[in-house]
Amino acid sequence: MGPLHGDVTVRGSKNAVTKHMVAAVLGNSPSTVRNCPHIGDIEITAAMLRALGCQVDVDADGGIVHVEPNHIETGRVPVSYGGLNRIPVLLVGPLLHRMGEVFVPLVGGDRIGPRPLDFHMASLEAMGAEVQVTPEGLEAKALGLHGARIRLPFPSVGATETVLLTAVLAEGRTVVENSAIEPEVIELALFLQRMGARIELRPDRRFVIEGVERLEGAEHHLDGDRIEAFSYLVAGLVTRGRVRVHGCAQGRLVTAISTLHRMGARFEITDDWLAVSADSLRPAVVQTDTHPGFMTDWQSPLVVLFTQCQGMSVLHETVYEDRFPYVRALQTMGAEVELFDSCLGGSNCRFHETTAMHSAVVRGPSLLQGAEITVPDIRGGFGYVIAAAAAKGPSLLHDVHHLERGYHRPLEAFAQLGLHISREGPTAPS
Ligand code: EPU
């Protein structure tokens, strides 16, 4: 297919908006979140909050989500919401504050590794909750939550958010060391601060939270999605085109930009947009990491880009142990990718000397052929669309609902860039 050219505007990210919706549960008045994407994950989260008694209004076109939490009548999230996304566990702290007793079903989300909840549970227990795992989910209760000193074994995004969402109304001071400081976590902390929370971020990945007695609702305009922004920029590069992305600040893409720079890409950057193009691209050795490293969710577009670079590239995944299953379909499209259990490109990795296939070696350039593929997860799936855009001949993708759970109207965006793309079958949840 031909080069992709044109403009894409990204909205706020899936991984920020849903957490803001959870934070809204802590307020004594309604909250409004703006610049929200139109994605399935908002609908899933809204339905979950409605099942608790919240009133949630979603204006998908206007990008506005409004949560009125004052009529919460139960702390039990129905089992039917199990396995759909990562949000239920984040509701435990806020619902404990409101109801004292909580049930949340097993979390889902993409199958990219075991994704245990041990850090969440240990943190909740340190703050005074009794937590029990049942075959269906988590039962928790607390007479009153208190501050604690917590050190996370790994800077987990979700566990840091669990601590923030619980500590803000807990009695006393909570110190959480080795926190995640991803931009989406900071956005959540800022939103909580607007609600009246007392949160400080110290220089050494340490949040210090002084519990307050009450929080009010707040308003927030979300910052642009850095995963979508990077993915569309790469879609332009992979097809030897030029995509201009609006709506995501340069500051959220620093490592992505420097990585593509190293590979020979040329950037144009203004206050309003970023564009990237290249005549030819060099291979690279890249390791995914926690912020400010190269984020794991940028991995699949980059691997697809590697298939079009001249030479051998390496991707060492250090956040998830099983994030390469999507590679098999790329191989059937003609990509030369091999997976290894060794740490290639760095040794500071929790999967060192395990059997996790967490390093990929990619030899390019490959002439990709269109294929029939089943989308396994959100990010791998987007990688396939990019690969299909660069491939010779048409591709047929099944299970594209995964994409619609996390990307704002991807069909429209790709069509605007000149990709011949259409959708059959039931549409995403609305
Ligand atoms: N981990 C544990 N125990 C825990 C929590 C995490 O061992 O209790 C491990 C995980 O298994 C993983 C690592 O710590 O190996 C990092 O997990 P983290 O908790 O940071 O991830 P998450 O909160 O479940 C969020 C995003 C992911 C993103 C990661 C890393 C959401 C809903 N999901 O997941 O996004 O990759 O942080 O930045 O915010 C996606 O959007 O497609 C996606 C997977």
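Which side chains meet in a salt bridge at 3.3 Å, N to O? They are those of Glu187 and Arg252. A salt bridge here is a side-chain nitrogen of Lys or Arg within 4 Å of a carboxyl oxygen of Asp or Glu.

This is a predicted model, in which local features need pLDDT of at least 70, side-chain atom pairs count only at pLDDT 80 or more, and totals for chains, interfaces and linings use all residues. Residues are numbered from 1 along each chain as its sequence is written, and side-chain values use heavy atoms, with hydrogens and water left out.

Start with the overall layout. The chain splits into domain 1 (14-221) and domain 2 (225-416), with bounds from an automatic or database domain assignment. Taken over C-alpha atoms, the centres of domain 1 and domain 2 lie 29 Å apart. Domain 1 gives 27 residues to the contact and domain 2 gives 21 residues. Contact means heavy atoms within 4.5 Å.

Now the interface. The size of an interface is often given as the accessible area lost when the parts come together. Between domain 1 and domain 2 the buried area is about 2,100 Å², counted as the accessible area (1.4 Å probe) that the two parts lose on being put together, summed over both. Carbon and sulfur atoms give 47% of that area.

The rule finds 5 salt bridges across the interface of domain 1 and domain 2. On the side of domain 1 that touches domain 2, the elements giving two or more residues are α1 (14-24), α2 (40-52) and α7 (183-195). Helices (H or I, at least four residues) and strands (E, at least two) are DSSP runs, numbered from the N terminus.

Helix α1 is mostly covered, with 10 of its 11 residues buried. Buried means under 20% relative accessible area (1.4 Å probe, protein chains only). Among the buried residues of α1 are Lys14, Lys19, His20 and Met21.

Next comes helix α10 (residues 299-306). Because 8 of its 8 residues are buried, α10 is largely enclosed by the rest of the structure. Its buried residues include Gln299, Pro301, Leu305 and Phe306.

Finally, look at strand β9 (residues 173-177), where Val175 is found. Val175 is buried, at a relative accessible area of 7%. What does Val175 contact, leaving aside its neighbours within four places in sequence? The partners are Ala148, Arg149, Ile150, Arg206, Phe207 and Val208. Val175 and Ala148 are 27 residues apart along the chain, yet their C-alpha atoms are separated by 6.4 Å.

Key:
Buried < 20%, exposed > 50% of the residue type's maximum accessible area, 1.4 Å probe, protein only.
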